[in-house]
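Please read these notes with the model open beside you, and check each point against it as you go.

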Amino acid sequence: MSTTTDNWQQVEATARATLGDAIASYIDQCRQSPQPASQLISVLHKVQAQFGYLAPEQLDAVAQLLQVPAAKVAGVASFYHFFRLQPRGRFMINVCLGTACYVKGADRVAQKLMDELGIQWGETTKDGVFTLEGSRCLGTCGLAPVLMIDNEVHPNVTPDQVPVILQKYLDRAKG
Ligand code: FES
């Protein structure tokens with residue numbers, strides 16, 4: 001057996017251990033398809049569903065097992081805002097970006113959140129308290145613009161209300 005084969009077996013074993021059996025098996029199935037790289041987004045969704053976010057070692061493991069360049073995997077993971085590259089914060093802020101909320105100023109609310117928290121979409125604050133995400137219509141268009149923080153709905157939110165809302169959760173995080 002050649003040294004190259006030994007190295008690959010070691011890399012593959014490490015990648016499988018990093019992702020776990022279920023995801024490794026799923027990637028094995030994807031590799032049977034004519035274009036395994038086209039399954040990349042679906043694989044990354046599975047990794048995020050299992051681990052909560054996409055850590056660098058998981059991205060490397062996906063690249064190895066799916067046989068896709070690591071730069072492509074990292075590029076796709078950072079391009080789409082629904083992928084998180086950091087652990088989830090204690091509270092998940094979900095800004096509705098559906099049409100009704102957008103026309104009522106959801107973009108200004110989102111910008112105020114980014115300014116106050118110092119993060120962009122998909123990021124978590126340094127203190128680990130908040131993660132910011134955008135979503136499609138949350139189904140409460142009559143209350144637009146709407147924020148959800150974990151399971152709590154905040155209706156008719158204006159940018160001025162954002163610091164007050166955040167403070168409530170900061171107080172909870174301390175308490
Ligand atoms: S568009 Fe925001 S709740 Fe429907």
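1. Basis of the model. This is a predicted model, in which local features need pLDDT of at least 70 and side-chain atom pairs count only at pLDDT 80 or more, while totals for chains, interfaces and linings use all residues. Residues are numbered from 1 along each chain as its sequence is written, and side-chain values use heavy atoms, with hydrogens and water left out.

2. Overall layout. The chain has eight helices and four strands, where helices (H or I, at least four residues) and strands (E, at least two) are DSSP runs numbered from the N terminus. Read from the N terminus on, the order of the elements is α-α-α-α-α-β-α-α-β-β-β-α. The chain is more spread out than a compact globule, because its radius of gyration is 20 Å, well over the 16 Å that the globule rule gives for 175 residues; the radius is taken over C-alpha atoms, and the rule is 2.2 Å times the number of residues to the power 0.38. Along the principal axes, the C-alpha atoms fill a box of roughly 65 × 35 × 25 Å.

3. The strand β1. Since six of the six residues of β1 (residues 91–96) are buried, the strand is largely enclosed by the rest of the structure.

4. The partners of β1. With β2, β1 pairs in the parallel sense over six bridges, and C96 stands opposite S135 in that strand; two strands are said to pair if DSSP finds at least two bridges between them. With β3 (residues 147–149), β1 runs antiparallel and is joined by three bridges, and in β3 the bridge partner of V95 is L147.

5. A residue inside β2. T131 lies in strand β2 (residues 130–135) and counts as buried because its relative accessibility is 0%.

6. The loop between β2 and β3. L138 lies in this loop and counts as partly exposed, because its relative accessibility is 29%. Apart from neighbours within four places in sequence, L138 is in contact with N94, C96, V146 and M148. P145 also has its place in the loop between β2 and β3, and the peptide bond from A144 to P145 is cis, with omega near -5 degrees.

7. Backbone angles to check. Most residues other than glycine have a negative phi, and most peptide bonds are trans. D150, in the loop between β3 and β4 (152–154), has a positive phi near 50 degrees. N156, in the loop between β4 and α8 (162–174), likewise has a positive phi of about 50 degrees although it is not a glycine. Just after α4, Q67 takes a positive phi of about 60 degrees.

Conventions
Buried means under 20% relative accessible area, exposed over 50%, partly exposed in between (1.4 Å probe, protein chains only). Contact means heavy atoms within 4.5 Å.
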